[in-house]
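Subject: Handover of a structure

Dear colleague,

Please find the structure for your attention below. My notes on what was found in it follow.

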Amino acid sequence: MMKNNVVIRGLGRYAPEKVLTNADLEKIVETSDEWIVTRTGIKERHIVEEGQFTSDLGTEAAKMALADAGMDADEITHIIVGTFTPDHLVPSCACIIEKKLGIKNKVAFDIAAACTGFIYSLEMGRAMLALHPDAKILCIGAEMVTHRVNFTDRTTCVLFGDGAGAAVLTNDGEGPELLDVKLATDGNLGSLLTVSGGGSASTYKPGETIRDDYFIQLQGREVFKHAVRSMATICEEILEANGLTKKNVDVLLPHQANWRIIDAVGRKFDIAPEKVYSNIDRFGNTSAASVPLALSEAVETGFIKDGDLVMLTAFGGGFTWGSALLKF
Ligand SMILES: CC(C)(COP(=O)(O)OP(=O)(O)OC[C@H]1O[C@@H](n2cnc3c(N)ncnc32)[C@H](O)[C@@H]1OP(=O)(O)O)[C@@H](O)C(=O)NCCC(=O)NCCS
């Protein structure tokens with residue numbers, strides 16, 4: 001297999017300024033701060049302002065990652081965006097971000113892997129760098145999840161928020177090394193977590209009102225179980241494939257879906273709670289944005305230090321799941 005040393009040259013993140021607290025949600029649906037905090041760990045989430053879209057969040061995160069990398073936008077050769085809430089089906093969110101960054105003639109496309117979208121984009125970035133060693137890749141996870149949330153359904157509307165995170169990948173320069181990525185899917189379980197309305201198998205006729213299927217539908221308990229099992233398993237697999245063990249891991253940074261899921265993955269994985277990064281209390285589940293948003297924050301705040309072996313992991317609709325190993 002072709003080996004190259006992929007480094008993360010820069011990281012960035014963006015969350016809209018507007019905050020929706022649990023107290024705000026208490027006024028919208030029959031819920032309580034106490035229920036939300038004990039069942040999920042979420043206290044508040046950021047949500048878009050009127051006129052702000054997924055591409056705006058992704059563009060801001062990309063700009064921060066470029067500044068962190070000390071690079072001009074025009075040096076970028078590829079833009080890969082993990083999202084299930086693109087501004088439009090066509091053009092892709094990646095194409096719109098290219099335009100908003102003021103650049104053109106790049107390679108830009110979206111990846112549909114739900115909450116695992118950013119980990120998938122890292123693998124696509126690695127593949128592009130193997131084919132094109134001089135490439136400079138922007139991997140982005142960007143979501144306006146609240147656009148697909150039914151704010152009359154208390155079982156889902158308390159869980160999600162909007163945001164974005166980005167990373168610049170290259171084969172040269174300074175930065176943590178992307179040692180490996182591992183991905184998996186099981187389409188047989190797809191019906192447990194869906195956003196089907198508007199797709200070719202669930203069309204809307206002109207004038208029809210939107211149905212529940214337009215919004216996120218999930219079977220919480222089932223998703224919970226699979227999420228814990230899949231993330232813990234793929235973390236074991238990536239370590240084994242790299243001749244490493246749990247003891248080598250300095251920081252575990254899982255997808256921020258529910259504090260109890262994060263905690264359970266940490267326990268299954270037998271890692272000390274203080275080595276597990278979480279910001280779910282402030283952002284909720286931002287889907288594909290959650291891992292890069294948390295990673296950028298964890299590096300900036302010093303939670304992740306030079307020399308650390310960091311394991312990312314995510315799980316999402318599809319089902320999709322994955323993990324990545326970074327050496328700082
Ligand atoms: C959704 C989730 C938080 C629910 O937690 P849970 O402990 O499984 O709770 P349950 O769904 O069993 O609901 C327990 C009770 O709380 C009620 N409830 C659900 N949402 C509520 C809310 N926001 N406020 C108050 N009560 C609520 C339920 O109606 C149920 O009441 P009942 O016992 O009278 O029927 C949890 O299952 C989860 O996080 N699942 C995965 C989330 C996910 O899919 N994320 C996206 C993919 S990564």
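**The ligand and its surroundings**

In this predicted model, a polar side-chain atom of Trp35 lies 3.2 Å from an oxygen atom of the ligand. This is a polar contact, that is, a pair of N or O atoms within 3.5 Å; within protein, one must be able to donate a hydrogen and the other to accept it, and residues adjacent in sequence count only if both atoms are side-chain atoms. A polar side-chain atom of Arg221 also faces an oxygen atom of the ligand, at 2.7 Å, while a backbone N or O atom of Gly220 lies 3.0 Å from a nitrogen atom of the ligand. On its own the ligand has 970 Å² of accessible area, of which the protein covers 75% (Shrake-Rupley method, 1.4 Å probe; for residues, only the protein chains shown count as cover).

There are 21 residues around the ligand, and Thr31, Arg39, Arg154, Arg221 and Asn258 come nearest (a residue is near if one of its heavy atoms lies within 4 Å). By class, this shell has 9 nonpolar, 7 polar and 5 charged residues. Here Ala, Val, Leu, Ile, Met, Phe, Trp, Tyr, Cys and Pro count as nonpolar, Asp, Glu, Lys and Arg as charged, and the others, Gly among them, as polar. Helices α2 (33-40), α6 (154-157) and α7 (220-241) each supply at least two residues of the shell, and the largest share, 4 residues, comes from α7. Helices (H or I, at least four residues) and strands (E, at least two) are DSSP runs, numbered from the N terminus.

As to conventions, residues are numbered from 1 along each chain as its sequence is written, and side-chain values use heavy atoms, with hydrogens and water left out. Local features need pLDDT of at least 70, side-chain atom pairs count only at pLDDT 80 or more, and totals for chains, interfaces and linings use all residues.

**Strands**

Strand β11 (residues 251-254) is covered on both faces: Val251 and Leu253 on one side, and Leu252 and Pro254 on the other, are all buried. Buried means under 20% relative accessible area, exposed over 50%, and partly exposed in between (1.4 Å probe, protein chains only). In a regular strand the side chains alternate between the two faces of the sheet. Strand β11 runs parallel to β12 (residues 309-316), joined to it by 4 bridges, and Val251 stands opposite Val310. Two strands pair if DSSP finds at least two bridges between them.

Strands β4 (residues 78-82) and β5 (residues 107-111) are likewise parallel, with 5 bridges, and Ile79 stands opposite Ala108.

**Loops and backbone angles**

Most residues other than glycine have a negative phi, and most peptide bonds are trans. Which residues are joined by a cis peptide bond with omega of about -5°? They are Val90 and Pro91, and Pro91 is in the loop between β4 and α4. A cis peptide bond also joins Gly318 and Phe319, with omega about -15°.

Asp270 has a positive phi, near 65°, and lies in the loop between α8 (259-268) and α9 (280-283). Asp270 counts as exposed because its relative accessibility is 61%. Ser287, in the loop between α9 and α10 (290-300), also has a positive phi, of about 55°. Ser287 counts as buried because its relative accessibility is 0%.

Yours sincerely
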